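Here is a friendly briefing to read with the model open beside you.

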Amino acid sequence: MTYPDPVYLGDGGEINATYRPDGQRPDIDHGSGSAAHYLATGATTNGKFGLYRWEMGPHPTGPAPHFHRSISESFYVLTGTVRIFDGTGWIDTGPGDYVHVPEGGIHGFRNESGAPASMLLHFAPGAPREGYFEGLAEFAAIGRPSEEELTEFYFRHDTFWI
């Protein structure tokens, strides 16, 4: 494996770092202790990756087993216990544990511990996942759409349920 072709061709480097302080409000707040912080989006990384800090309240939350055709997903647990489906079963993961799921890999995650938990969620390439999570929050607030609308929503956001 080799390094990819250079993207930056200048001689002196650029001042272009992004800083997001820890205390910043979440981008999505579900009001139940669950929230998402968009640390890096596909738009801010030129489509290379996305990185979110996902916080889960003490009540059971998280998606059932599913897969994506166009993105890989990785999970790095920061606090608490997160159950992650690895394609064969649910495993309890804790702080410092890491799970990578390539494109097409069946996965899911849940907090069933009764205590808050958090993790970093990384996906590549940097698809516009914000629309997916914001859509789910909207469904929770205004009600579930029709089955046809839901099917189209999941397809548009590369989410295929098992």
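A residue counts as buried when its relative accessible area is under 20%. Tyr38 has a relative accessible area of 10%, so Tyr38 is buried. Please keep in mind that this is a predicted model.

**Tyr38 and its surroundings**

- Tyr38 is part of strand β2.
- Leaving out residues up to four places away in sequence, Tyr38 touches Arg20, Asp27, Ile28, Leu51, Tyr52, Glu130 and Glu134.
- Between Tyr38 and Trp54 there are 8.8 Å in space, C-alpha to C-alpha, and the two are 16 residues apart in sequence.
- Tyr38 and Trp54 also belong to one aromatic cluster, together with Tyr52, Phe75, Phe109, Phe123, Tyr132, Phe133, Phe139, Phe153, Tyr154 and Trp161.

**Aromatic pairs**

- The structure contains 15 aromatic pairs.
- One of these is formed by Tyr52 and Phe123, with an edge-to-face arrangement at 5.3 Å centre to centre and 75° between the planes.
- Because Tyr52 lies in strand β3 and Phe123 in strand β10, this pair ties together parts that are 71 residues apart in sequence.
- Tyr52 and Phe123 are both buried.
- Phe139 and Phe153 form another edge-to-face aromatic pair, with 4.9 Å centre to centre and 65° between the planes.
- Here Phe139 comes from helix α1 and Phe153 from helix α2, 14 residues apart, and the pair links distant parts of the chain.
- Phe153 has 6% relative accessibility, so Phe153 counts as buried.

**The largest nonpolar core**

- In soluble globular proteins, nonpolar side chains tend to be buried together.
- The largest nonpolar core in this model has 24 residues, and those with the most contacts inside it are Trp54, Met56, Phe75, Val82, Phe109 and Met119.
- Two or more residues of this core come from each of β2, β3, β5 (72-79), β6, β8 (98-101), β10, α1 and α2.
- The element that gives the most to this core is β10, with 4 residues.
- Setting aside neighbours within four places in sequence, Met56 is in contact with Gly33, Ser34, Thr61, Val82, Phe109, Arg110, Asn111, Pro116, Ala117 and Met119.

**A sheet of 3 strands**

- The strand order β7-β6-β9 describes an open sheet of 3 strands with antiparallel pairing.
- At the edges are β7 (90-93) and β9 (108-110), each of which pairs on one side only.
- On average, neighbouring strands of this sheet are turned by 25° against each other, direction ignored.
- The antiparallel pairing of β6 (residues 82-85) with β9 runs over 3 bridges.
- Arg83 stands opposite Arg110, which is in β9.

**Helix α1 and its packing**

- Helix α1 covers residues 129-142, which is 14 residues, and reaches 20 Å from its first C-alpha to its last, close to the 20 Å expected at 1.5 Å a residue.
- Which residues of α1 are buried? They are Arg129, Glu130, Tyr132, Phe133 and Gly135.
- These buried residues pack against β1 (28-29), β2 (35-40), β3 (50-56), β10 (117-124), α2 (147-156) and β11 (160-161).
- Thr41 itself lies in the loop between β2 and β3, and Thr41 counts as buried because its relative accessibility is 12%.

**Backbone details to check**

- Ala124 and Pro125 are joined by a cis peptide bond, with omega of about -5°.
- Pro125 is in the loop between β10 and α1.
- Asn46 is not a glycine, yet has a positive phi of about 55°.
- Asn46 is placed in the loop between β2 and β3, and counts as exposed because its relative accessibility is 68%.
- Asp158, also a residue other than glycine, has a positive phi near 50°.
- Asp158 lies in the loop between α2 and β11, and is buried, with a relative accessible area of 12%.

Key
Residues are numbered from 1 along each chain as its sequence is written. This is a predicted model: local features need pLDDT of at least 70, side-chain atom pairs count only at pLDDT 80 or more; totals for chains, interfaces and linings use all residues. Side-chain values use heavy atoms; hydrogens and water are left out. Two strands pair if DSSP finds at least two bridges between them. Axes are lines fitted to C-alpha atoms, for helices over the stretch in contact, and angles run from 0 to 180 degrees between N-to-C directions. The expected span of a helix is 1.5 Å times one less than its number of residues. Buried means under 20% relative accessible area, exposed over 50%, partly exposed in between (1.4 Å probe, protein chains only). Contact means heavy atoms within 4.5 Å. A nonpolar core is a set of buried Ala, Val, Leu, Ile, Met, Phe, Trp, Tyr and Cys residues joined through side-chain atoms within 4.5 Å. Rings of Phe, Tyr and Trp (its six-membered ring) pair if their centres lie within 6.5 Å; planes under 30 degrees apart count as stacked, over 60 as edge-to-face and the rest as tilted.
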